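Hi,

Here is the structure I said I would pass on.

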Amino acid sequence: MSKHTTTLRGPGVAQRAALRASPVMAARSRNASASSRRRGGLVGCYAYSITLVTPDGEETIECDENTYILDAAEEAGVELPWSCRAGACSSCTAKVDSSDAFDQSDQTFLGDAQIDAGYVLTCVAYPTKDCTVTTHVEEELY
């Protein structure tokens with residue numbers, strides 16, 4: 001009796017497996033429906049214009065709906081304050097004119113009143129529309 005090993009081969013099998021395992025694709029797939037993921041369909045991604053008002057002046061960056069503001073700023077060469085990158089501290093606190101400009105459901109630090117007042121943690125905030133963000137406002141919380 002011989003043992004047989006089946007190996008999946010073909011164009012793109014290894015590449016598709018690597019992409020499915022990558023954190024970037026996992027993040028982008030969080031908004032996709034189960035049926036589109038099974039079919040291997042493309043996931044739509046919207047980019048928003050975010051104007052960052054920093055102590056050094058204004059910078060406008062683009063940020064898609066699956067990227068945290070802090071990450072997009074770093075990719076654009078804009079340095080913003082941060083510490084935990086988990087939404088559990090106040091180092092990256094910023095302020096926006098509209099509290100519905102971001103999905104920051106991953107954060108655990110800010111209270112409802114602070115969120116309603118427009119405070120946002122850039123390390124765990126996904127944009128939901130174009131907006132202006134005033135950074136370096138951690139001291140306002142205390």
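Numbering starts from 1 along each chain as its sequence is written, and side-chain values use heavy atoms, with hydrogens and water left out.

On confidence, the chain averages a pLDDT (the predictor's confidence in each residue, from 0 to 100) of 78, and 68% of the residues score at least 70. The part to watch is residues 1-39, where the pLDDT is below 50. Beyond near neighbours in sequence, that stretch has 17 contacts in the model, a contact being heavy atoms within 4.5 Å. Where pLDDT is low, the predicted coordinates should not be read in detail.

Now the layout. The chain has five helices and seven strands, taken as DSSP runs numbered from the N terminus (helices H or I, at least four residues; strands E, at least two). From the N terminus on, the order is α-α-α-β-β-α-β-β-α-β-β-β. Of the contacts between residues at least 6 apart in sequence, 56% join residues at least 24 apart.

Next, the inside. Of the 142 residues, 36% are buried, where buried means under 20% relative accessible area, exposed over 50% and partly exposed in between (1.4 Å probe, protein chains only). The largest nonpolar core has 30 residues; such a core is a set of buried Ala, Val, Leu, Ile, Met, Phe, Trp, Tyr and Cys residues joined through side-chain atoms within 4.5 Å. Ile50, Leu52, Ile61, Ile69, Phe102 and Val133 have the most contacts inside it. Two or more residues each come from β1 (47-54), β2 (57-64), α4, β3, β5 (119-121) and β7, and α4 gives the most, with four.

Then the charges. I get three salt bridges, each a side-chain nitrogen of Lys or Arg within 4 Å of a carboxyl oxygen of Asp or Glu. Arginine 85 pairs with aspartate 71 at 3.5 Å, N to O. Aspartate 71 is in helix α4 (residues 69-75) and arginine 85 in the loop between α4 and β3 (93-96), 14 residues apart. Arginine 85 also bridges to glutamate 74, with the closest N and O atoms 2.5 Å apart. Since glutamate 74 lies in helix α4 too, this pair ties together parts that are 11 residues apart in sequence. Partly exposed residues here are aspartate 71 at 25% relative accessibility, arginine 85 at 32% and glutamate 74 at 35%.

The remaining bridge joins aspartate 100 and lysine 129 (3.1 Å, N to O). Aspartate 100 is in the loop between β3 and β4 (102-103) and lysine 129 in the loop between β6 (126-127) and β7 (131-134), so parts 29 residues apart in sequence are tied together. Through shared partners, Asp71, Glu74 and Arg85 form one salt-bridge network.

What else does arginine 85 do with its charged end? That end sits over the ring of tryptophan 82, 4.4 Å from its centre; the rule asks for NZ of Lys or CZ of Arg within 6 Å of the ring centre and within 35 degrees of the ring normal.

Cheers

Notes
This is a predicted model: local features need pLDDT of at least 70, side-chain atom pairs count only at pLDDT 80 or more; totals for chains, interfaces and linings use all residues.
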